[in-house]
Amino acid sequence: MIKVIVIALGGLVGLWSGYTVLYEGSLERPTYNVLHKEGSVEIRAYNSFRVAQTKRGEGKEELSQGFRVVARYIFGGNEEQKSMSMTVPVIQENQSQGMQVAFVMSEKEKDLPAPSSSAV
């Protein structure tokens, strides 16, 4: 029984790793310069970038809901019903009034459409 569980977990880890390399590895990222590197840790200076963001309350469910609100915007929940590219990273920040969730917007998008929701 334990052997079956270990094999199943190994398969899940393999699938997750493959997803990360194949999908997330191909997503657009903001441009940056590496200022210092020590082992696998980098100190980076990012060029300026735009974000689409929302503020939510505290907790895991609020974080998940915030992600969906901003994702809806980039997948057509805007005045032009325009779908835009997914990028990384997704930024989450704990603030005194709750959680802020932000997506870095693609540098290819010169004119961002207005959001349909006032939450963005």
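**Salt bridges and a cavity in a predicted model**

Tutor: The side chains of K82 and E109 form a salt bridge, with N and O 2.7 Å apart. Please bear in mind that this model is predicted.

Student: Which parts of the structure does the pair of K82 and E109 tie together?

Tutor: In general, side chains of opposite charge can pair when their charged atoms come close. Here K82 lies in the loop between helix 2 (60-74) and strand 4 (90-95), and E109 lies in the segment after strand 5 (98-104), so the pair ties together parts 27 residues apart in sequence.

Student: Is E109 buried or exposed?

Tutor: E109 counts as buried because its relative accessibility is 11%, and buried means under 20%. K82, at 28%, counts as partly exposed.

Student: How many salt bridges does a search of the whole structure find?

Tutor: The search finds 5. Among them is the bridge between E62 and R56, at 3.7 Å from N to O; E62 is partly exposed at 24% relative accessibility. Another joins E42 to K37, whose closest N and O atoms are 3.8 Å apart. E42 is partly exposed at 26%, whereas K37 is exposed, with a relative accessible area of 51%.

Student: Which residues do salt bridges that share partners join into one network?

Tutor: The network consists of K37, E42 and R44.

Student: What lines the largest cavity?

Tutor: The whole-structure search finds 1 cavity of 30 Å³ or more, and the volume of the largest cavity is about 40 Å³. Its lining includes E28, R29, P30 and F49. By class, the lining has 4 nonpolar, 2 polar and 3 charged residues.

Technical notes: Residues numbered from 1 in each chain as written. Predicted model: local features only at pLDDT ≥ 70, side-chain atom pairs only at ≥ 80, totals over all residues. Heavy atoms only, no water. 1 Å grid on protein atoms, 1.4 Å probe; cavity = no way out; pocket = protein on both sides within 12 Å on 5 of 7 lines; lining within 4 Å. Points joined across faces, edges and corners; volume = space filled by probe spheres on them. Nonpolar A, V, L, I, M, F, W, Y, C, P; charged D, E, K, R; others polar. Salt bridge = Lys/Arg side-chain N within 4 Å of Asp/Glu carboxyl O. Buried < 20%, exposed > 50% of the residue type's maximum accessible area, 1.4 Å probe, protein only. Helix = DSSP H or I, 4+ residues; strand = E, 2+ residues; numbered from the N terminus.
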